[in-house]
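Okay, thanks for coming, everyone.

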Amino acid sequence: MEHAELLRVEGLKTWFHSRHGVAKAVDGIDFSIGEGEHVGLVGESGSGKSVTALSILRLVRDPPGRIVDGRILFEGRDLLSLSDEQMRRIRGRRISMVFQDPASHLDPVMKVGDWIAEAVALHKGTNRKEAIAEAVRLLQVLKVPSPRDVLHAYPFQLSGGMCQRILIATAIATEPVLIIADEATSALDVTVQASILRTLGELTENIGTAVLLTTHNMRVVRKACSRVMVMYAGRVVEDCRTEHLFERPMHPYTVGLLNAVPSLDRVGRPLIPMLGEPPLPTATPPGCAFFARCPIRRPICQEKRPPLLEVAPGRSSACLFPEEAGGAR
Amino acid sequence: MDRTDNEPIPVAAPTGGSQEGGWPRVLSGVRSHQGIAVGAAIVMAVVLVALLAPFISPYDPNEIHPIDRLKGIGTPGYLLGTDIQGRDMLSRLAWGSRTSLAIAVVPLAIAGLIGLLLGSFGAYGGGVSETLIMRGMDVVFGLPPILLAIAVAATLGPGLFNLLVSLTIVLIPPMTRVTAQVVAILREQTFVEAARASGARDLQIIFHHILPNSVAPVLAYATSLAGSMVVFGAGISFIGLGIQPPRADWGRMINDGREVLDLMPHVSTLPGIAIVVLAAGFNFLGDGLRDLLDPRMKV
């Protein structure tokens, strides 16, 4: 792809230690994001999307979680080798995060204007007044009506969509080079979702910010991302341009995901639910994690975990038989 | 201090809401607001009396009238009678409200501040500092509070200042502990994570997010302790370790009337009633505030 590389994650493993054993939430994930690129990270609940997102910012709570292995190269530096203070300077300034469930990610007893201003003041060294002015400007860009009134409100007085705009304004205020949006639109209804995605897209386009959008919603990915990575049981199983994924998925799990959601491409055809359950994160079998649910499984799949390999120009799949995965749709 | 260790402290955290709906919940809501109103009215009334003591007292509280000793309630000139030295009860009660209020408020305010800081730093930081602070508090917490207060007051010597110091020391462990419990819930809240994700420093998170969010529940808890503090302070003065004569104090006044309890019970009973009323007022207020802040009680 034409983008210069911004973030490269290599063999990242984030494990959670619990009484029931070690839960390998992220188990050797590899991917990269280019400058200004909008990438989707898709997977069902528990596939490790959020843990991946939190791991990049080193926000996984330790204990119980711990990044046990891997490298996170960002602008040429391994984030895992930085001191806490160096990492803090990257958070919010170079990499921002937007969360799911926006209302609970704002301080309930703080006016949202102060919340934005605090982040602006922290990274730009401006005083409160300038920071508030900047917050007003950002909300205008986000097409928030009467931004000054909104800034004087407390989170409980605002709608979920408005809270999410506040979080996005906070994330964008410092003009970071990467925004990680963790299920950023999942708690919102569809119309608000669309408007949030549109403004997020426009804003990041303007300042050339890359976006990593984790979601379980295929429609969101299709709308907002140029490239998509499908995650299953702690690893990326497919990685390609969005349109290719929807045209011709090359991993049986992706096929299953696409068959299970309604789409205008396949009106009149029944939805096919995926059989079985994902493996428990505490029990990782030696072979392919998708083996038990796979419609095209062969005995060889059980021997070794298939690596994520380039199977066609610009697209990778972690299936030994990518051509048979789903065929043309 | 009637709160047990394991009882969760209500914080303004989102919860699923109580299973019990309908009338019981509505009634409890109304009751808690009534409690706040009644409690606030009583406390405000006492505060007013304390402020206006110089104006509403017919006599100097320490003025002795040797001829009018041990007059009963309603004696002309002495609305609430006189004590064994012929001092006007009404004047002494009015002036005594000042020390009782000071005993209820000052130690709680100081211990509350110290507790907020110790508790939030301990609980937010976690690890060794949390263990050191909290286990240290547990040692003090393990002693019966009234005995601890008496021991400290006896060591420091009598007097209002030393009484306030001893009650502050007694209050620091529960206030720290309650703050730590609140903060332990708050630090897991997602907005703290969001603040960390936007690059906020730990100190900034503690002072801008953790402390403002813990003030309300801690304040409610402190108010519910104020009633016990009134009783504690009066008790310590009663046994002679607190306020010293001739200064007017309710606990001291009960002691003054002890010898004539069979003949002239009003000398001990009136300050006793005053203590009960003020303590009840603080308890109503504290319970009401706690219910109000408890998300499970929200209608």
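Let's begin at I180(A): setting aside neighbours within four places in sequence, I180(A) is in contact with A53(A), I56(A), L57(A), I95(A), M97(A) and L212(A). Contact here is a distance test: two residues count if their C-beta atoms, placed from the backbone, lie within 7 Å. Before I go on, this is a predicted model, where local features need pLDDT of at least 70, side-chain atom pairs count only at pLDDT 80 or more, and totals for chains, interfaces and linings use all residues. Residues are numbered from 1 along each chain as its sequence is written, and chains are lettered from A and ligands numbered from 1 in the order in which they are written.

Helices (H or I, at least four residues) and strands (E, at least two) are DSSP runs, numbered from the N terminus.

Now the two chains together. The contact between them takes 23 residues from chain A and 16 residues from chain B. On the chain A side, helix 2 (84-90), strand 6 (95-98) and helix 3 (112-124) each supply at least two residues, and helix 3 of chain A gives the most, with four. By class, that side has 10 nonpolar, six polar and seven charged residues. For the classes, Ala, Val, Leu, Ile, Met, Phe, Trp, Tyr, Cys and Pro are nonpolar, Asp, Glu, Lys and Arg are charged, and the others, Gly among them, are polar.

On to chain B, which has nine helices and zero strands. Of its 299 residues, 46% are buried. Take the contacts in chain B with a separation of 6 or more: 74% of them are between residues 24 or more positions apart.

How do the helices cross? Helix 2 and helix 3 (residues 127-141) of chain B pack at an angle of about 140 degrees, with their axes 6 Å apart. Axes are lines fitted to C-alpha atoms, for helices over the stretch in contact, and angles run from 0 to 180 degrees between N-to-C directions. That angle makes helix 2 of chain B oblique to helix 3 of chain B; under 35 degrees would be roughly parallel, over 145 roughly antiparallel, 65 to 115 roughly perpendicular, and the rest is oblique. The crossing of these two is left-handed, meaning the near helix is turned anticlockwise from the far one by less than a right angle, with clockwise being right-handed. The residues of this contact divide into five nonpolar, four polar and one charged.

Helix 2 also meets helix 7 of chain B: the axes come within 8 Å and cross at roughly 145 degrees. That crossing is right-handed. Among the residues meeting there are V105(B), L108(B) and G112(B) from helix 2 and A222(B), L225(B) and V230(B) from helix 7. The contact has 18 nonpolar, five polar and no charged residues.

V105(B) and A222(B) are 117 residues apart in sequence, yet 9.2 Å apart in space, C-alpha to C-alpha.

Next, helix 6 (residues 190-197) of chain B, where seven of the eight residues are buried. Those buried residues, E193(B) and R196(B) among them, pack against strand 6 of chain A together with helix 5 (160-186) and helix 7 of chain B.

Most residues other than glycine have a negative phi, and most peptide bonds are trans. The bond from P245(B) to P246(B) is cis, with omega near 10 degrees. Phi of E75(A) is near 50 degrees, and phi of S146(A) is near 40 degrees. E75(A) is partly exposed, with 14 C-beta neighbours inside 10 Å, while S146(A) is exposed, with 9.

How values were computed. A residue is buried if 20 or more other C-beta atoms lie within 10 Å of its own, exposed if 12 or fewer, and partly exposed in between; C-beta atoms are placed from the backbone.
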